[in-house]
Each structure stands twice: as C-alpha cells, then as structure tokens.
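Here are some notes for a colleague who is opening this entry. Please keep the sequence and the model in view while reading.

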Amino acid sequence: MPLAWRCRQLAWCSSQLPTMARGLPSTAGLVRFCQKLNRLKTVEETTRETSLRRHLTTLDLTLLGVGTMMGFGLYVLMGTVAKEMAGPAVVVSFTVAAVAFLLAALCYTEFGTRASGRDCAYLFTYVSMGELWAFLIGWIVLLRCLIAGAAMAHTWSGHLDVIFSHRIHSFTEAHVGIWQVPFLAQYPDFLAAAILLLISAFVPCGARVSSWLSRTFSAINLVIVLFIIILGFVLARPHNWSAEEGGFAPFSFSGIMAGAATCFYTFVGFGVIVGSSEEARNPQRSVPIAIVISLGLAAGTYILASTVLTLMVPWHSLDPDSALADAFYQRGYSWAGVIVAAGAICGMTTVLINNLFSLQRMVHAMAVDGLIFQVFAHVHPRIQVSVVGILVFGVLMAFLALLLDLEALVQFLSFGVLLTYTFMATSIMVLRFQKCPPSISSGPASPGSVAREYDDSSGHTELVGTEQASAPEPGQLRPALRSYLGFLGGCRPGATVAWALGVLVASAITLDCVLVFGDSALHLPLWGYTLLLLLSSVMFLLSLLVLGAHQQQRRQDTFQVPLVPLTPALSILLNIFLMLHLSSLTWLGFSIWLLIGLTVYFGYGIRHSKENQRERPRLTAPRSSLEETVQAL
C-alpha cells in the first residue's frame, strides 16, 4: 500500500506539471518548434519517373530560352529604366544585370538539374533546407508572378493605346481624373485589368490552344525584334546622347545600378530551359551551355535595342508604357510604330500565358504540400490545371494592374527575384558542405554509383546519391591543410562551415551597405568609411578562405556550380548590392508581403503541411512506464 500510494502521488504531480508550466515554453518545446520549421521533404516524394522522350539538343534549349526571354524586358522594362532611372546608360544597366544574372543562373542550374520541373527552386529548397524556407521561396515566386502579370498587362494596354493614338488614355483621364499617390497609377487601367481577366478565363478552357498560341506569338515577336534593331539604327541620332540632352548618364552611377537591379528580372525566362531538362538528351552538359548562350544572346539583343531606342529620340521624351512603339511615332514612322505595338502585344500575350501557367503550378505544388489552402490543390481532370488557382490569382493580378504604377510594379518584381537568387546561392554553399545530402536528380545514376539509405536527424529515410568512399566527408577540413589549420579541426563537424557562411553573408551585407550608403545616408567621416570598408572586406575574404579550406561533396551524375564558394559568394554580394539601390517603398511593400506570408504559414501551413501529418503518429507519446506501474498496482 505505501508503494502504491507513493506511485499515485508521483503520477498526480507529473500530471500537474503541464498545467503549472502552461505559458512557459520549455527548451524541448522550442527545439521541437524549430525542428518543425526545418523539417525536410523526403526524396521518395519528389523523385518521379518521366515518360517524356529525351530529344532536345543544346540548340533546341538555346532557342527555347531566347524566345522566352524576349518580351518583358524589351516592352516593359526598357522604357521605364531609360526614362526614370538610367537614361541612355540603360545599356550599362542591362550589361551589369546580365553579369549578375549569369552568376545566379549557374546556382539555379544546379538546383534544376537535381530537381527537374518548373518549381525546382521551391522543391529543392524543401528537400535540402526545410519547410519554412521552401514556403518563403514559394511565396516570393507567387508575388513575382502576380507583379509580372500586372506589369505585362499595363504594357499590353499601353501599346493598344498607341495603336489608337492614345485615345484610351485621354478618355480615361477625362472621365476618371488623375491620381497623385505614390505607388498608384495616374489613373485606373481598366483595359489592363480586363485583359488579365480575359486571359485568366481563356487559359483553363484550352491549355493546348494556349501552347500553340504561345509558340506562334513567340515567332512573330522574334521577327519584330530584328525589325526594331535594323530600322532603329537607320534612324539613330548620336546627338541624343550629347550633353544638351542630358548626357549619357544623367542619373549618375546610382541610377545605373538602380536600373541594373530593375533589369535583373529581364533574364528570368531562362528557367524554361531548366524546366525542359527532362526532355534534354544530355541535361548535365546541354542545360548549362544553353543557359550561358541564351543569356548572352538575350543580353546582346537588349543592349542593341536600348541603344537604338535612346539614339532615335531623347531619353526624357520616352513613354514608359510603350517606349519602342512611341519612339517610331515621334520620328514620323507611324506604320513602324503600329508594327512594333502589334509585336509587343504578341510578345506580352505569350509571356502572360506562360506566367499564368507558372503561377498555377506553384500554387498547386504548395497546396498539395499543405502549406496553403487545399482548395488550390484540385486539378481539373481534363485540362490538368488548377482552375481555382488561375481564376483567384488572375483576379488578384487584375486588381494590381488596375491600381498600381508600372515603375512600382517592376521594382517589386526585381526585388523578389534578387532575394530568391540570393537565397539560392546561399543554399548552394549549404548543400556543398552537407554530409550526405539528399539527391533528387531524376536522371539515371552514373555508372559505378552506389545508392544507399541515409537517416537524417528528423527521422526520414532518404536516398543518397553517389559518394566516393575514399573521399573525405564534406564539411571536414581538407587533409592537405590540416597541418596548417589544425585549430579549425577541433570544432564540431559542420560548425566551422556554418559560422563561416554566416559571417560571409553578414559581411557581404555590411560591405554593400557601406558602399551604397556610406557617403549619403550614413554620413560617415572618411576614416570611419575606410575602416568599415576594410573590416567588412577582410571578413568577407577570410570567411571565403575558411569555406574553401573545407571539403565539398563531388557528384558526377549532375551539374555542379564551378568555383564554389567563390561563384555563389560573388552572386550574393552583387545581388544585395543591387537590392540596396531599389527604393525604400519597395523594401516596405515587400516586407508587408512577407509578413502576410508568415501569417499564412504560422496560421495554416505549419499545422496542415504533409510533413506535419506524417509526424503526428511519431509525436504521440506512449504511456509512461510510471502510469503503467500505477495501473498495475
């Protein structure tokens, strides 16, 4: 009896502990919460067999990429950047944006060849980094698609207005009036909203027709681009770059960099190459080559087009909504302006259709994983698209096009892309130094490879790719450097790499802030500016050297970014530098969007995600041995 009485007393005390500690988070609870944020998607869920025939060559992929990149930058960004940000130096802005995007594209390609599919950034982040980070990537992509669609609809309506000699613009201003509110358009663009609603209703009704229409319009657009460049050089006036018209760089260096940050989105179309890797004959070789070539061709085309644009008419007289067509109108070639406007409408229609398909794919992927509402997970059995996703987000896109200003839209767009690729460059370095990371390459394993199981810290059993048994483990100090850097070898495995990566990102942010704001916003004295510049530069280089001193994983069955950690580190540095040149209102608006996303995740996604449903049986604690003993007594 005394033993039974004591056991009952202990059981009662243990049952009261949760009540007494209610409201005080325990260490174990915080650990479990952090584990929830970083839980990984298993490889078995993401690896899928493809029935697509591998027939695309490097030339096919290159033409596909060039056709997709031509349109948005030419008809949407070029006029806005030339008039509002850089002037004729928009040529330099496109060049800087192309260099920055090449570094980011190499990182994206490694993701894409491991995770075939259009949503590979979201998918691979879910597998390698964790759930919260994957949600943020997906949420940013959703914003990017929304803003891109709204901006393209603005340009579509602007070029149609040019064809009708600006009668639509004049009619709306006369009957609605002009707004003078930051971030809002001068007048509501009803035509742009109507275009988006029409295309959103059309796309689900005929996916095959949409694909055929997209290809036809792409071919027309390429012919129009050649027409613009040839006739533009014939009509060029070098006087338009003279000091009398404001000079070549009227907005100085800061304007050029702001223009480069805005032009960054221009080259995002290369993602269609990665998305088509499942159909490539040799994706490990042809995908990176096609990306580099198509990026170079697209950059050359944009540089030539922006050159002829600012040489045909003074940069300050451009119409941002329809710059190329309006330039021909100003020179008296109205027939050429109509042709260019028609080509712009074809190009924008192509990109709008592709944008809506990309949007519904991302919405569907996140809904299937339980991170956003399940209503978006339903796919129409005949046309195989998420009709609800297209219609709901199409309406939201139309609302943005109705109210927001084009310049505000394109800055939002570039900010989201720069942040996404900065995160992906960081993820590449995390991946390279991980011990036995998961592989989601859908292609066949290379000869001699060995697939084995790996049990990660969250309890998931995952397949691990090829690994040389004789090579040192990734994340460990290189054998050749252990005698010189032995003090780094005493740290816990992976700790040195984690600290070095954190210091690298922090020093990159500090260095860019000093370069951008050191003289203007911070008002630093010369000695303070120099000291901060030296300290941040030294810390950046030291962290880079520490990372380079550690062993990386090597894979033969997929493309890997060359010169890691240098390539992704330079990508991070340049992307942050460009982001800091965007307006403060852009930063504020994007922060609000992220807060909305985090509210959705912590209010819905964290509880309804597939990984959470899978973990529930394991997290249900069995009855304690103490309770069993009490019952037995």
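How far does helix α21 (residues 526-548) reach from its first C-alpha to its last?

1. Helix α21 has 23 residues and reaches 33 Å, close to the 33 Å expected at 1.5 Å a residue. The expected span is 1.5 Å times one less than the number of residues.

2. This is a predicted model, in which local features need pLDDT of at least 70 and side-chain atom pairs count only at pLDDT 80 or more, while totals for chains, interfaces and linings use all residues. Residues are numbered from 1 along each chain as its sequence is written, and side-chain values use heavy atoms, with hydrogens and water left out.

3. The protein chain has 25 helices and two strands; these are DSSP runs (helices H or I, at least four residues; strands E, at least two), numbered from the N terminus.

4. Of the 633 residues in the protein chain, 53% are buried (under 20% relative accessible area, 1.4 Å probe, protein chains only).

5. In α21 the buried residues are G528, Y529, S536, F540, S543, L544 and L547. Their cover includes α18 (406-432), α20 (495-517) and α22 (566-579).

6. The largest nonpolar core has 172 residues, and F101, F267 and Y421 touch the most other members. Such a core is a set of buried Ala, Val, Leu, Ile, Met, Phe, Trp, Tyr and Cys residues joined through side-chain atoms within 4.5 Å. Leaving out residues up to four places away in sequence, F101 touches F264, F267, V268, F270, L295, V417 and Y421, where contact means heavy atoms within 4.5 Å.

Notes
Buried means under 20% relative accessible area, exposed over 50%, partly exposed in between (1.4 Å probe, protein chains only).
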